[in-house]
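Hi there,

Here is the model I promised to pass on. Please have a look at it first, and then read my notes below.

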Amino acid sequence: MMQPYFYSLSEFIAMGEHGVFVWSCWTITLGMMLIFIIYSRRQRQALIKQLTIQQARQAQRAAKTPNPTTKPSP
């Protein structure tokens, strides 16, 4: 017959006097993962914005300069 390790929620939270360590580790880990996700998304958005600006600049330059491979018409 299986018996539960913790008989109440307060025993589960206390974790046999190790609760402070266990829950602080969980909090730090989840917090760091959340920060990493937010940071990664912001970096991705910034990169997309930079690439869009760069692409627009290249398109402007291409429109201003004549194509040297085309021959002038006589």
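To begin with a question: is W23 buried, partly exposed or exposed? W23 counts as partly exposed, because its relative accessibility is 30% and that class lies between buried (under 20% relative accessible area) and exposed (over 50%), using a 1.4 Å probe and protein chains only.

Before the rest, a word on the basis. This is a predicted model, in which local features need pLDDT of at least 70 and side-chain atom pairs count only at pLDDT 80 or more, while totals for chains, interfaces and linings use all residues. Residues are numbered from 1 along each chain as its sequence is written, and side-chain values use heavy atoms, with hydrogens and water left out.

Now the overall picture. The chain has two helices and zero strands; these are DSSP runs numbered from the N terminus, with helices being H or I of at least four residues and strands E of at least two. Of its 74 residues, 3% count as buried. The chain exposes about 7700 Å², and carbon and sulfur atoms supply 66% of that area, as computed by the Shrake-Rupley method with a 1.4 Å probe; for residues, only the protein chains shown count as cover.

Next, the rings. Searching the whole structure gives three aromatic pairs. Rings of Phe, Tyr and Trp (its six-membered ring) pair if their centres lie within 6.5 Å; planes under 30 degrees apart count as stacked, over 60 as edge-to-face and the rest as tilted. F6 and F12 form an edge-to-face pair, with 5.5 Å from centre to centre and 80 degrees between the planes. F6 is partly exposed at 24% relative accessibility, and F12 is partly exposed too, at 34%. F12 also forms an edge-to-face pair with W23, at 5.6 Å between centres and 70 degrees between planes. Because F12 lies in helix α1 (residues 9–14) and W23 in helix α2 (residues 19–64), this pair ties together parts that are 11 residues apart in sequence. Through ring pairs, Y5, F6, F12 and W23 are linked into a cluster.

The E17 residue is exposed, with a relative accessible area of 79%.

Best wishes
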